[in-house]
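The report below is written for a reader who meets this structure for the first time.

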Amino acid sequence: MKESLGTTGLLLNEPLLWEKGKKGRCGFSLPRRDVEPCSLDEEFMGEGPDFPDLSELDVVRHYTRLAQWNFGVDTGMYPLGSCTMKYSPKTNEKQASLPGFTGAHPLLPSGLSQGALNMLFEFEQYLNEITGMYATTLQPAAGAHGELTGMLIIHAFHKKQGSKRSKIIVPDTAHGTNPASISLCGFRPVPVTSNEQGILSVQAVSEIMDQDTAGIMVTNPNTLGLFEENIQNIAEIVHAKGGLVYCDGANMNAVMGMVKMGDIGIDLMQLNLHKTFSTPHGGGGPGSGPVSVAKHLEPFLPVPRVIEENGAYILAQDYPDSIGKISAFHGAFGVVIKAYSYIRRMGPENLKKASQLAVLNANYIKEMLKGTLHLPYDRPCMHECVFSDKHQAAQKIATLDMAKRLMDYGFHPPTTYFPLVVPGAIMVEPTETESKEDIDQFIAAFKAIANEAGENPDLLHHAPKSCKVKRLDEVTAARKPCLAG
Amino acid sequence: MIYLPHTHEDIFSMLQVLGVDNLDDLFSTVPEDCRFNGHLNLPEALSEWELNDHMSTLSNTMAVSPEYKVFLGAGSYEHFIPASVSYLLGRSEFVTSYTPYQPEMSQGTLQAIYEYQTLAARLLGMEVATASHYDGATALAEALLMAVRITKRKKVAISSLIHPLYRRVVQTYFEPAGYEVVELPYLNTGVTDDSGLDDMDDLAAVAIQSPNFFGCIENLQVLGQKTHDKKALFVASFTEALAYGLLKNPGSQGADIVGGEGQSLGINSSFGGPALGMLASSKKHMRSLPGRLVGKTKDLDGKTGFVLTLATREQHIRREKATSNICTNNSLCALAAAMYMASLGGTGIRKLAQLNHDKAEYLKKELKKAGFTITFDRPTFNEFVVEFPSGFEANHKHLLEKKIVAGLCLAPYYPELANHYLLCVTETRSKDDMDALVREVKS
Ligand SMILES: Cc1ncc(COP(=O)(O)O)c(C=O)c1O
């Protein structure tokens with residue numbers, strides 16, 4: 001193996017914000033006072049918050065040091081399965097910070113916000129094209145928010161038909177947000193198990209699909225990184241009983257330009273712009289989770305809708321069957337700008353190429369590591385592959401130990417212990433933006449760790465050793481929560 | 001394409017390892033009749049330079065400061081953001097990391113969010129604040145759902161002076177699950193009319209926004225008392241977080257749960273998003289909170305560190321029984337807010353809030369002098385309602401041509417308030433801007 005990426009740099013300690021500073025300092029250039037002071041009625045006056053007073057440099061050093069304790073895609077490979085941690089192009093950030101966009105008030109008259117409306121309108125068309133759907137809303141703020149929007153639309157659809165259905169079918173491989181979104185909308189999730197190949201069988205769905213079932217929520221490609229091959233037949237069964245087919249499109253990065261969900265029986269789906277369309281994850285958001293729907297569901301989309309009228313873009317409110325509003329304003333506009341920029345920079349050919357290379361990278365890792373790690377479903381995968389720690393069990397090494405040891409080698413670990421159907425799951429999603437050299441180094445690191453598991457297991461049990469902190473006591477953190485200082 | 005690193009040789013050698021001939025063969029598990037064999041009908045790729053031109057063209061059509069004088073608030077506020085905040089927020093270690101599932105490699109995000117939770121809790125006068133939600137509207141909806149869970153009651157009363165768009169989001173969240181939302185009317189003093197509460201039973205929560213949508217400061221303490229007398233939870237909401245630099249915070253007035261919008265704290269308007277949903281509660285209800293929480297703990301060597309905690313409330317553990325479906329939140333916006341609050345400090349936020357208040361008072365006074373009616377004489381923070389003469393709509397349009405956006409027309413939201421406008425002034429509007437506005441509306 002080449003020299004490991006992981007090393008020990010000089011990291012500086014940094015206290016909590018309120019352990020720094022001195023009363024009377026300020027890191028904010030207060031604007032000139034050009035009006036008379038005017039006191040507020042005592043009755044309403046508070047004391048003001050107890051914030052530390054810091055100088056600008058205090059603040060700058062604080063956050064610079066904190067940043068250095070973090071790891072991002074720009075630092076190194078971040079193969080977190082189901083999260084699509086691809087490179088976020090810098091030009092996207094630049095476009096989103098144009099003053100006409102950052103400064104725009106959401107309630108500006110439409111005549112004064114044509115550029116933003118134009119972009120929202122066009123972007124919806126792009127997503128319609130990529131998903132094969134008829135219409136799109138950009139209002140949902142993340143993937144789970146899109147799922148909720150989708151469930152609300154399904155609810156509204158049945159209500160309009162005068163029927164009240166209580167259940168939604170959801171596979172056991174589903175992301176936790178799926179059952180949570182289902183029940184948030186008042187439906188009851190009905191689990192369906194995937195077959196020995198890791199996908200849904202037509203039979204399993206037909207056994208439980210009934211007139212009280214509002215629809216099915218399938219992730220495709222699913223969370224095992226496998227394409228749901230029976231999707232069209234499953235959709236037929238669900239439709240025949242009056243249900244709708246929702247697709248969790250968080251894994252769309254595998255099939256852009258290869259599969260149009262609207263063509264294969266899907267009625268509605270969400271996309272995660274912070275995954276497939278390269279917007280950065282920000283340590284946990286903001287994201288954006290647009291929902292695209294087939295024609296029969298368009299009337300139910302959230303309002304307002306951006307429409308074109310006589311060459312101008314306006315916000316239309318008049319959709320009596322709409323589910324209403326899901327965000328206060330237009331959703332995560334600043335995130336949409338980045339995804340829009342990405343699609344414009346990529347163009348149709350490169351989007352398809354990106355999916356192909358994402359699938360190439362994942363299959364390559366699967367092939368190269370499958371002797372080292374147990375591979376529960378040994379078949380061609382899509383954009384991610386799922387291993388387990390079964391081979392290491394005899395050495396008393398668990399997924400957690402290998403994940404932590406990868407940090408010492410300079411890699412962010414893959415997703416661990418998800419999906420739940422694979423005990424000790426290790427879910428690797430390299431994305432298309434990792435080069436062969438980086439992937440080879442990741443593979444070499446994993447192999448070296450598997451060797452260490454036999455030769456020096458303590459290295460793994462005590463990993464990581466080169467991070468800012470060692471393994472943290474999560475049990476006490478939850479038992480005696482300290483959530484504020 | 002510069003974002004795709006694979007050379008022909010790379011692809012060739014990787015395909016060889018997989019034993020297939022070309023990239024299409026990798027998709028053998030996708031049934032033939034599921035494949036799209038055409039070409040996506042999307043615009044052809046632009047170079048970086050072409051994209052710059054295209055985007056500046058779009059951006060240049062937008063009416064923004066300093067060219068336009070925009071007197072709009074109503075849930076999105078223009079405040080100065082220090083260069084240091086924007087600069088630090090661009091650090092790619094923060095920007096390009098995921099939710100901190102692996103704490104040893106994410107201590108930067110984790111400590112920063114723990115600090116955000118602390119500053120947010122102090123600002124709102126609460127014991128615990130979550131790591132962030134999508135926006136003020138969804139934070140309020142989740143606060144009310146939380147109250148429904150805690151009290152096991154299905155009805156909430158919400159003030160009609162909560163932001164109209166927030167109320168619509170609450171309605172959307174509540175309807176399918178069969179929960180009921182009752183609206184409390186408002187008095188002609190510009191505050192919530194709570195008299196209807198006397199006849200309402202079995203309420204999970206009463207929700208009040210202060211400063212309310214008209215900018216008026218509500219008497220939270222009295223409303224909170226009344227809510228508690230009904231054994232309901234008191235939910236406070238807000239759209240202008242900066243107000244609490246000057247006003248009594250909701251916690252000190254008896255709020256059990258607080259859900260509102262933190263965009264004012266160092267986050268650009270950005271056409272309404274991404275924003276910052278702030279949600280806070282007392283410790284007693286901490287385990288019913290939706291969303292991520294960061295907690296302090298120790299590592300194996302006894303060194304202080306931070307982790308995501310109380311995960312058994314969350315969707316990835318509890319699935320359909322979770323306290324919320326939220327996964328990705330608005331972490332980077334919370335980080336911006338923390339940086340902003342740290343930059344202001346206790347001394348700075350007080351001064352800045354006072355300045356916001358005083359500027360709005362100046363404009364109020366000048367408009368009064370010019371003969372316009374200030375509809376509600378209740379104290380306000382940085383926005384207020386003014387009544388213009390009938391037919392002002394045309395004048396409002398005309399002012400747009402002069403690059404002045406003279407507030408928000410209230411009639412679409414409150415049909416009884418024809419010719420009433422909600423005007424907002426922050427520290428970014430100068431005395432000259434305000435004088436110009438008064439001159440123009442007069443003429
Ligand atoms: C398969 C899948 N579905 C849904 C989600 C939820 O998306 P978000 O985190 O944006 O709410 C995720 C992301 O974690 C996911 O991996």
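Which helix gives the most to the shell around the ligand? Helix α5 of chain A (residues 143–160) does, with 3 residues, where helices (H or I, at least four residues) and strands (E, at least two) are DSSP runs numbered from the N terminus.

This is a predicted model, in which local features need pLDDT of at least 70 and side-chain atom pairs count only at pLDDT 80 or more, while totals for chains, interfaces and linings use all residues. Residues are numbered from 1 along each chain as its sequence is written, chains are lettered from A and ligands numbered from 1 in the order in which they are written, and side-chain values use heavy atoms, with hydrogens and water left out.

**The ligand site**

The ligand is surrounded by 15 residues, of which the closest are A:S82, A:D248, A:H274, A:K275 and B:T328; a residue is near a molecule if one of its heavy atoms lies within 4 Å of it. Because these surrounding residues come from chains A and B, the site is shared between chains. By class, the shell holds 5 nonpolar, 7 polar and 3 charged residues, with Ala, Val, Leu, Ile, Met, Phe, Trp, Tyr, Cys and Pro counted as nonpolar, Asp, Glu, Lys and Arg as charged, and the others, Gly among them, as polar.

The table gives polar contacts to the ligand, each being a pair of N or O atoms within 3.5 Å.

| Residue | Atom of the residue | Distance to an oxygen atom of the ligand |
|---|---|---|
| A:S82 | polar side-chain atom | 2.4 Å |
| A:A144 | backbone N or O atom | 2.7 Å |
| A:N272 | polar side-chain atom | 3.1 Å |

On its own the ligand has 390 Å² of accessible area, and the protein covers 99% of it, as computed by the Shrake-Rupley method with a 1.4 Å probe. The space that the ligand takes is the largest cavity, a cavity being a set of points, on a 1 Å grid over the protein atoms alone, where a 1.4 Å probe fits but cannot get out.

**Strands and hairpins**

Two strands pair if DSSP finds at least two bridges between them. In chain A, strands β8 (residues 305–309) and β9 (residues 312–316) run antiparallel and are joined by 5 bridges, with A:E309 opposite A:A312. They form a hairpin with 2 residues between them, and A:N310 in the turn has a positive phi of about 50°.

In chain B, 5 bridges join the antiparallel strands β9 (residues 294–298) and β10 (residues 304–308), and B:K298 stands opposite B:T304. This hairpin has 5 residues between its strands, and B:G302 in the turn has a positive phi of about 85°.

Chain B also has an open sheet of 4 strands with antiparallel pairing, in the order β11-β12-β15-β14. Strands β11 (373–374) and β14 (408–409) of chain B stand at the edges, each with a single partner strand, so one side of each is left without a neighbour in the sheet. Strand β14(B) is joined by 2 bridges to β15 (residues 420–424) of chain B, where B:C409 stands opposite B:Y421.

**Backbone geometry**

Most residues other than glycine have a negative phi, and most peptide bonds are trans. The bond from A:F418 to A:P419 is cis, with omega near 0°, and A:P419 is placed in the loop between β11 (415–416) and β12 (426–428) of chain A. The bond from B:S210 to B:P211 is likewise cis, with omega near -10°, and B:P211 lies in the loop between β5 (203–209) and α8 (220–229) of chain B. B:A74, although not a glycine, has a positive phi of about 50°.

Methods: A polar contact is a pair of N or O atoms within 3.5 Å; within protein, one must be able to donate a hydrogen and the other to accept it, and residues adjacent in sequence count only if both atoms are side-chain atoms. On a 1 Å grid over the protein atoms alone, a cavity is a set of points where a 1.4 Å probe fits but cannot get out, and a pocket is an open set with protein on both sides within 12 Å along at least five of seven lines; lining residues have an atom within 4 Å of a point. A molecule sits in a cavity or pocket if more than half of its atoms lie within 2 Å of its grid points.
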